[in-house]
Amino acid sequence: MFSSLQAWPGKSRYPDASTHRTIRFRVGLLANVLALALLAMLLAACSTPAGNANGGSGTLQVVAGENFWGSIAAQLGGSHVHVTSIVSDPNADPHEYQTSAQTARTFAMAQYVILNGAGYDSWAQQLLDANPQDGRKVLTVANLLGKHEGDNPHFWYNPEYVTQVANQITKDYKTLDAADASYFDQQNSAFLNVALKPYHDRIAAIKAKFAGQKIGATESIFVYMANALGLDLISPPEFMDAVAEGNDPPAASVAEFQQQIQQKQITVLVYNVQTNTNITNSIKLLATQQSIPIVGVSETLQPVDATFQDWQYAQLLALENALNAGALVK
Ligand SMILES: [Zn+2]
């Protein structure tokens, strides 16, 4: 029944995913160069970013590289910030984002910039480097967490990191707009203690019921949350890392993953809805054939107008339902 999968020769049979990514990467480089050239022209024409570097009672112009950080920044800043998020397309893979002149303009006006870092949004770092600006504050989440390129960059899937980042954003808001410091403290407390409570409660409930369960994931995006939930994510790391980076997983890791599914070693399979490749689709198909429940998670907010916590909560509920269903099938 699974002969076609077992006979999989790795790269040669499904070469398209990596090839497309290579081509798109080159187009992306060209787009970056063009965007930088446009930015230089623009900066020659216009002047300083809007605003009150330290004055207070204004509106801070905030730009987030991705909308999951943007949602958090907007809730922490309330009426004293205006947040623009760059990467937000729920149907695209953020790892392959390409900059535009519009993005360059948005960054040029920012007083505070939040980037994920660790290679996830190096396009943004290039834009900032091309446009040094006094008074602009930059938070790179990877630096805050002591992470580097090559580390799992999906930091927003780690509840502890989310708290750390939120606290740093509040600290930076208070530096940029000292007059509104007490307002930002209130927003911080409301976000961490009230807005995020259902999310933390769901995590605790799943952990209490399902800790130690073996699950699978097609991509490293879910590793941090699996740890927070106490789940035992047994999929080969080489497979998950390769898919996250847009590479073909090593043949041995594919075979191991297939065997884990065929032997029903996992209760649930988690996949990334924003990175569909032939290989992840074949893994999903295999899980379906074994009646293993499948749960989709996304890189960016789904739907795009959801808050960070509502989006995460919905995904946690779906996972909990799948874990319940998976326990019944086993
Ligand atoms: Zn990813």
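**Exercise 1.** Does isoleucine 114 count as buried or exposed, judging by its C-beta neighbours inside 10 Å?

*Solution.* The model is a predicted one, and the work begins by placing the residue, which lies in strand 3, residues 112-115. The next step is to count, and isoleucine 114 has 28 C-beta neighbours inside 10 Å. Because a residue is buried if 20 or more other C-beta atoms lie within 10 Å of its own, isoleucine 114 counts as buried. Leaving aside residues up to four places away in sequence, isoleucine 114 touches Ala64, Gly65, Trp69, Ala73, Leu139 and Ile169. Valine 63, although 51 residues apart from isoleucine 114 in sequence, is 6.4 Å apart from it in space, C-alpha to C-alpha.

**Exercise 2.** Find which residues are buried in helix 4 and where they sit around its axis.

*Solution.* In helix 4, which runs over residues 101-108, the buried residues are Thr103, Ala104, Phe107 and Ala108. They cover an arc of only 140° around the axis, so they lie on the same side of helix 4. As a general point, an α-helix has 3.6 residues a turn, so residues three or four places apart point the same way.

**Exercise 3.** Describe how helix 12 packs with helix 13.

*Solution.* Helix 12 (residues 251-262) and helix 13 (residues 278-289) pack at an angle of about 20°, and their axes are 9 Å apart. Because angles under 35 degrees count as roughly parallel, helix 12 is roughly parallel to helix 13. Their crossing is right-handed. On the helix 12 side, Val254, Phe257, Gln258 and Ile261 meet Ile279, Ile283, Leu286 and Ala287 of helix 13. Sorted by class, this contact has seven nonpolar residues, one polar residue and no charged residues.

Technical notes
Residues are numbered from 1 along each chain as its sequence is written. This is a predicted model: local features need pLDDT of at least 70, side-chain atom pairs count only at pLDDT 80 or more; totals for chains, interfaces and linings use all residues. Axes are lines fitted to C-alpha atoms, for helices over the stretch in contact, and angles run from 0 to 180 degrees between N-to-C directions. Helices (H or I, at least four residues) and strands (E, at least two) are DSSP runs, numbered from the N terminus. Angles under 35 degrees count as roughly parallel, over 145 as roughly antiparallel, 65 to 115 as roughly perpendicular and the rest as oblique. A crossing is left-handed if the near helix is turned anticlockwise from the far one by less than a right angle, and right-handed if clockwise. Two residues are in contact if their C-beta atoms, placed from the backbone, lie within 7 Å. Ala, Val, Leu, Ile, Met, Phe, Trp, Tyr, Cys and Pro count as nonpolar, Asp, Glu, Lys and Arg as charged, and the others, Gly among them, as polar. A residue is buried if 20 or more other C-beta atoms lie within 10 Å of its own, exposed if 12 or fewer, and partly exposed in between; C-beta atoms are placed from the backbone. The arc is that of the directions from the helix axis to the C-beta atoms.
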